[in-house]
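Open the model in your viewer and keep the selection panel at hand. The tour below goes from one selection to the next and says what is found at each stop.

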Amino acid sequence: MLIAADKFKGSLTAVQVAERVTAGLRRAAPHAEVESLPVADGGDGTVDAAVAAGFERREVRVAGPLGHEVTAAFALRGSTAVVEMAEASGLQRLPEGVFAPLSSSTYGTGELLRAALDAGARTVVLGVGGSATTDGGAGMLSALGARFLDAEGEPVAPGGAALCDVRSADLSGLDERLAAVDLVLAGDVDNPLTGPRGAPAVYGPQKGAGPDDVAVLDTALAHFAGVLEEEIGPQAAGCAAAPGAGAAGGVGYGALVLGARFRPGIEVMLEVLGFAPALERATLVITGEGSLDEQTLHGKAPAGVAAAARAGGKEVVAVCGRLALPPEALGRAGIRRAYPLTEAEPDIAKCLSDAGPILERVAEDIGRDFLV
């Protein structure tokens, strides 16, 4: 049996989910063979999933989204690095209750990428999601050697709003090692950089941006892309319109400018984590995340796990905190049955505060249904 579940956001990490499910299964079937492979789709928790799969955790001091120094981690195995932009530039790095949609920067994400290069990485998976930023990746590019100057020839201030002041872009100083690196942009959204489906309009409100802020950011990012088009040619416009450019406040755009390949995050992570050989050994796959809902069906980890398992001829069930999908939708996704915590404990507050013990009880039910 293979446990390949994502985190229950706000309650359990993916590693903790695997531990609790394993404990519950073994209560029902003490001698069950259980293998765990915590997964992530590129968002927060991606580095932890890689470390659980055998990567080495590397820590480095970088700039947080407001410029304060934070300790962030990336994962390394051989010449492959997994970099999680949320480690440096995520909402989790902001003080509680504080949002900075106009001024937060991805500079620390660029520093993480540089640290991965310093460690010898030649393939870099950049997982994007959970960002506090909407700066089009300008901060990231700056940390890697690009310069964005105002009318006076001075570097513009950090953050998305200040991109309105950019008058020239100089990418000649970009780290030369980037040209020899396979950079993979791993995300679960296909939005362009700007417009009605762009980063500011769709994701800005999650980062504290009001309607006026969204308008400012959309104008600033469009201007930024225009300046880059003058610097590097039509490919900049192509990058701005490409699927994934709007990921993580436009950090996807910055990565595409660097030559990154955009791929669904869960597909990339399953390859990196070694899912295929683990699947071959499994008789049943247990996946899941905190909420199984419509978003799950659009590139989230459980849908990716289920698709890969179905292709391998393996049956899949899911655990979750909350279930908001009908059985027919689960079936189309390749999930035979879902086991929500709310079946064992109707009190949602308790499901959040006591998720671990309740998940063990749910997993015991799975063990009785499939192992006994």
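Contact here means heavy atoms within 4.5 Å. The model is a predicted one.

**Stop 1: Ala-303**

Select Ala-303, which is found in helix H12 (residues 301–311). Leaving aside residues up to four places away in sequence, Ala-303 touches Thr-296 and Leu-297. Is Ala-303 buried or exposed? Its relative accessibility is 15%, so Ala-303 counts as buried, the cut-off for buried being under 20%.

**Stop 2**

Next, colour the strands S2, S1, S11, S12 and S13. These five strands form an open sheet in the order S2-S1-S11-S12-S13, with parallel pairing. The edge strands are S2 (35–36) and S13 (337–340), each of which pairs on one side only.

Zoom in on S11 and S12 (residues 315–323). These two strands run parallel and are joined by eight bridges. For a landmark, select Val-285, which stands opposite Val-316 in S12. When you show side chains here, keep one rule in mind. In a regular strand the side chains alternate between the two faces of the sheet.

**Stop 3: strand S9 and its neighbours**

Move to strand S9 (residues 182–187). Five of its six residues are buried, so S9 is largely enclosed by the rest of the structure. Which strands pair with S9? One is S6 (residues 123–127), which pairs with S9 in the parallel sense over five bridges. Another is S10 (residues 261–264), also parallel to S9, over four bridges. To find the S10 pairing, select Leu-185, whose bridge partner in S10 is Phe-262.

**Stop 4: Thr-134**

From S6, follow the chain to Thr-134, which sits in the loop between S6 and helix H5 (138–143). With a relative accessibility of 0%, Thr-134 counts as buried. What does Thr-134 touch, not counting residues up to four places away in sequence? Its contacts are Pro-101, Ser-104, Gly-160, Pro-200, Lys-207, Leu-217, Leu-221 and Gly-249.

**Stop 5: the largest pocket**

Select Lys-9, Gly-130, Asp-188, Gln-295 and Lys-300. Of the 32 residues that line the largest pocket, these lie nearest its centre. The volume of this pocket is about 880 Å³. Strand S11 (residues 284–292) gives the largest share of the lining, three residues. Colour the lining by class: seven residues are nonpolar, 14 are polar and eleven are charged.

**Stop 6: the second largest pocket**

Now select Tyr-107, Gly-139, Ser-142, Val-156 and Pro-158, which lie nearest the centre of the second largest pocket among its 22 lining residues. The elements that give two or more residues to this lining are H5 and strand S7 (147–149). This pocket holds about 280 Å³ of space. Its lining divides into 13 nonpolar, seven polar and two charged residues.

**Stop 7: the cavity**

How many cavities of 30 Å³ or more are there? The count comes to one. To find the largest cavity, select its lining: Leu-113, Leu-117, Val-124, Leu-178, Val-181 and Leu-183. About 50 Å³ of space lies inside. By class the lining has six nonpolar residues, no polar ones and no charged ones.

**Stop 8: the cysteines**

Finish with the cysteine sulfurs. How many disulfides does the structure hold? The number is zero. Cys-320 is in no disulfide: the nearest cysteine sulfur, that of Cys-351, is 9.9 Å away, whereas a disulfide needs two cysteine sulfur atoms within 2.5 Å. Cys-320 has a relative accessible area of 0% and is therefore buried. Select Cys-239 as well: its relative accessible area is 12%, so Cys-239 is buried too.

Terms used: Residues are numbered from 1 along each chain as its sequence is written. This is a predicted model: local features need pLDDT of at least 70, side-chain atom pairs count only at pLDDT 80 or more; totals for chains, interfaces and linings use all residues. Side-chain values use heavy atoms; hydrogens and water are left out. Buried means under 20% relative accessible area, exposed over 50%, partly exposed in between (1.4 Å probe, protein chains only). Two strands pair if DSSP finds at least two bridges between them. On a 1 Å grid over the protein atoms alone, a cavity is a set of points where a 1.4 Å probe fits but cannot get out, and a pocket is an open set with protein on both sides within 12 Å along at least five of seven lines; lining residues have an atom within 4 Å of a point. Grid points are joined across faces, edges and corners, and a volume is the space filled by probe spheres set on the points. Ala, Val, Leu, Ile, Met, Phe, Trp, Tyr, Cys and Pro count as nonpolar, Asp, Glu, Lys and Arg as charged, and the others, Gly among them, as polar.
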